[in-house]
Amino acid sequence: MSRFQKNIRVVSNPFSSLDHKARPCGIVLLEPESGYASSGYIGARISRATTVTVAPSGDLRGNRQDTVFDFDATPVEVKATPYYLGFLRSGALLPADEKSAAVAGVKFRPVAEAMAATKAAAAAEFDRLYGEGSFAELTTGSEAAPQPTTAPAHEETAPMKTRKADK
Amino acid sequence: MAIVITGLSADDKVPDVYNQVRYGAGKRNSATAPVYLYLMGNMRGAQDASIGSVTRTGGSVGPLITTSGTPTADREFVVEITTGGAVATAVFKWSNNDGQTYTTGVTSAATVLLSDGVTIAMPAGTYVVGEIYSFTALAATTYGTAAVNTIYDIDTKDKANTLFAPGSELANMVDAALDIPGVNLRAIATAEASGGAYASIAITFGGSWSTGGTVFFKLENKTYQVNVASSHTLQTLGWAAQDVFNGKQECPCVADADAAVLTLRVKTKGVRGNQHSLWWDMSEAPAGLTVSVSGTSLTGGGKQFTGGSGADDVTPTLAVLSTVTSGLMNFYAIAQNDAVNLALIEAQIDAKSAPLIQQYEQMVVGHNGTQSAVTALAQTTLNFQLASLIFEEEGRDHPSRMAAQFGAMRAFYEGLSRGSNTVENGIPNGGPNCNYDRAVLPTLTPRAKEAMSLESHTKFKALLNAGVTPVKTVGDKKTIVRAITTKCLDGISPDYRTLDVGEATVPIVMSRRIAAAGYDYMAANPFAGPDPDQANGEKDAPEGVATPTGWNVVIQSLLRDAETDKLIYSVDDNLPVCEWDPDAERIMSSVPLAVRPLNHQLGNEIRQV
């Protein structure tokens, strides 16, 4: 095994987690780098279009929001650090090629196939939790599947409210 | 800009002190009222009488017997043909304790009553010597005296065991919470998942050995010591291990040995059963004995339970809790850690914190899954100032116990009116602005040394950036890295304005203090009006007339006291503003609070010269 750190190509696996509305939210934060604030995700970003603040009319307590993610299936090249390898092993990230899978010690499956399998498993698990048909009930009529976009694979979010990068 | 209190319209005539806590920007209660921790989880559900399917071994060529009846006791039946032949000729022996003892020489018949209300039917055919039929019979049983969705005051672990059944999720939460002395505890059981399944794990003993020894199994914070005798067979070792697990009433599982396989089944149904894990130590086992365990592999060698399914529904429980009032504030330690239930709980806590209700509550949830899953939960479903999510990746403690113990710490320490806000010997000294850095969770389970690779500065940093409270094993103790709220996003931007849990709690406490002072001020000043325009010669307001300036003095006094208590700082730069609302004819105030930062970090550059 090489003593030099390798790069790997990975893709976010949206359906590795579902939110309370059965929407995909399998996010992986960019690895925090020493001395820098970490924000942004691998192959995902918070949807500007569909993330909305949840507040009754006139309620100024504010800051509650219904967060929705946009996912991008474009492979992202990252260093093969323990941080990212852990997400590959847990299935939150998918290897984009056989070489990357080998570095992580996981089985390679074509991304579309792996993503579809994860979605099917997530839907089945959601139904096991909340009753048969729950996943379809929440997702029918909405577009739950991740849509490849032309946006960058990961994008820095807007400036944070305070500078508390390393806590 | 006019001061606005949400829901308090200009035409609202109801007398009261209306406070609104705004993060990043009670009603007649005492500011020193007790803080309660409410535990929410499953008690052990009732078991219906049932007889399991018949398993046939030893040839499987004879007729298959069937069963009927209503069992009156939990039994493991074994029927073994000892003389072959047709019905009325064939002879069998049977056992109701999994083959430990037998009733022998029983002649076959169309139906035979065995024991405990169980009958077997033997259809026509030729029975074969050596064929063994086995099945399990379970009697109808209720566990625990509590009713679901009913609030109970809890002061002892024994009481919890009586109410919720030993080893149930909720009883074990009580066990963890009461290890924090002084906590005011209440508990409410949520009905088990309808149609849910139990999680389980199977331990298979194998090999052969000629000496004695010990196998240590570890389940959460308890060790189960199975003494292996040189005379044990695989079957008798299974029974011995079964007795060890079942001998500890707080064990979250029921053990059942069948031949060399010991199955541990979680006592409460549902998907959270899968969040238990089993670890074992063979260092003192006799040479030749092997142990293999089913389940999902964990880093460092443990195995996670599988097969649990179904999520309970907190809706009826929340209906009961919706009427709960808080003197100062209450905490909820919640076993439910699935997205749908957490969204429901969050919505209720948020609604109860509204200015016209002012029932402040905070929720504590545990998680021991993956970093990706917990990050998604914190950033999407929660992202809430009044929620904290304590996490240990692939942790050995069940998340409900983590939530209970951390919730107990928060309820007790943050419920103290003031404190030095330091950590001594791993125990936070308390106060609303409590610092939990390196605080020890006293009876939770440290991470196995083989799994320490799961902890790193990088992971802790990422988790804290995502609204998750990580824990870390230091020596033989599980400790809190830093206690934060799940609030971490504002739209698409990171938002850490309410990061430490104290930044959520201090505004609640100050709201209560201002409310208490407000009632006193209203009692002393039954009349109100604007500040006199002294520049135009108006005289001071007469005795008994409240004015913005008079009320401002009271608030400032409270703020100075809080500054002394190290709850807030920079009061001079953040003075309250009070004004007269001529339309509603009331005093409206805006009170900025700069919560005093905690001493989390020191940066030192060490320069050799």
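Select Cys488(B) and show its sulfur. The closest cysteine sulfur is in Cys25(A), 12 Å away, which is too far for a bond. A disulfide is a pair of cysteine sulfur atoms within 2.5 Å. By this rule, the count over all chains is 0. Cys488(B) is also buried, with a relative accessible area of 1%. Buried means under 20% relative accessible area, exposed means over 50%, and partly exposed lies in between (1.4 Å probe, protein chains only). Go on to Cys578(B): at 13% relative accessibility, Cys578(B) counts as buried.

A note before moving on. This is a predicted model, where local features need pLDDT of at least 70, side-chain atom pairs count only at pLDDT 80 or more, and totals for chains, interfaces and linings use all residues. Residues are numbered from 1 along each chain as its sequence is written, chains are lettered from A and ligands numbered from 1 in the order in which they are written, and side-chain values use heavy atoms, with hydrogens and water left out.

**Chain A**

Colour chain A by secondary structure. Chain A has 4 helices and 7 strands. Helices (H or I, at least four residues) and strands (E, at least two) are DSSP runs, numbered from the N terminus. Follow the chain from that end: the order is β-β-β-β-β-β-α-β-α-α-α. Of the 167 residues in chain A, 48% are buried. Now think about contacts, meaning heavy atoms within 4.5 Å. Among the contacts in chain A with a separation of 6 or more, 64% join residues 24 or more positions apart. Accessible areas come from the Shrake-Rupley method with a 1.4 Å probe; for residues, only the protein chains shown count as cover.

**Chain B**

Zoom out to chain B. Its C-alpha trace spans about 120 × 70 × 40 Å along the principal axes. Chain B holds 10 helices and 35 strands. Buried residues are 56% of its 609. Chain B exposes about 23,400 Å², with 52% supplied by carbon and sulfur atoms.

Select Glu346(B). Glu346(B) sits in helix α5 (residues 339-352) of chain B. Is Glu346(B) buried or exposed? Glu346(B) is buried, at 3% relative accessible area. Show what Glu346(B) touches, leaving out residues up to four places away in sequence: Arg64(A), Met363(B), Thr381(B), Leu382(B) and Phe384(B).

Next, select Lys269(B). Look in the loop between β17 (261-266) and β18 (277-281) of chain B. Lys269(B) is partly exposed, at 26% relative accessibility. Beyond its neighbours within four places in sequence, Lys269(B) contacts Asn42(B), Glu192(B), Ala193(B), Gly196(B), Ala197(B) and Tyr198(B). Draw a C-alpha to C-alpha distance from Lys269(B) to Ala191(B): 9.8 Å in space, across 78 residues in sequence.

Rolling a probe the size of a water molecule over the atoms shows where empty space is left. The second largest cavity holds about 120 Å³. Which residues are closest to its centre? Of the 17 lining residues, they are Glu169(B), Val266(B), Thr268(B), His276(B) and His398(B). Then highlight α2 (169-177) and α7 (399-415) of chain B, the elements that give two or more residues to this lining. On a 1 Å grid over the protein atoms alone, a cavity is a set of points where a 1.4 Å probe fits but cannot get out, and lining residues have an atom within 4 Å of a point. Grid points are joined across faces, edges and corners, and a volume is the space filled by probe spheres set on the points.

Conventions. 1 Å grid on protein atoms, 1.4 Å probe; cavity = no way out; pocket = protein on both sides within 12 Å on 5 of 7 lines; lining within 4 Å.
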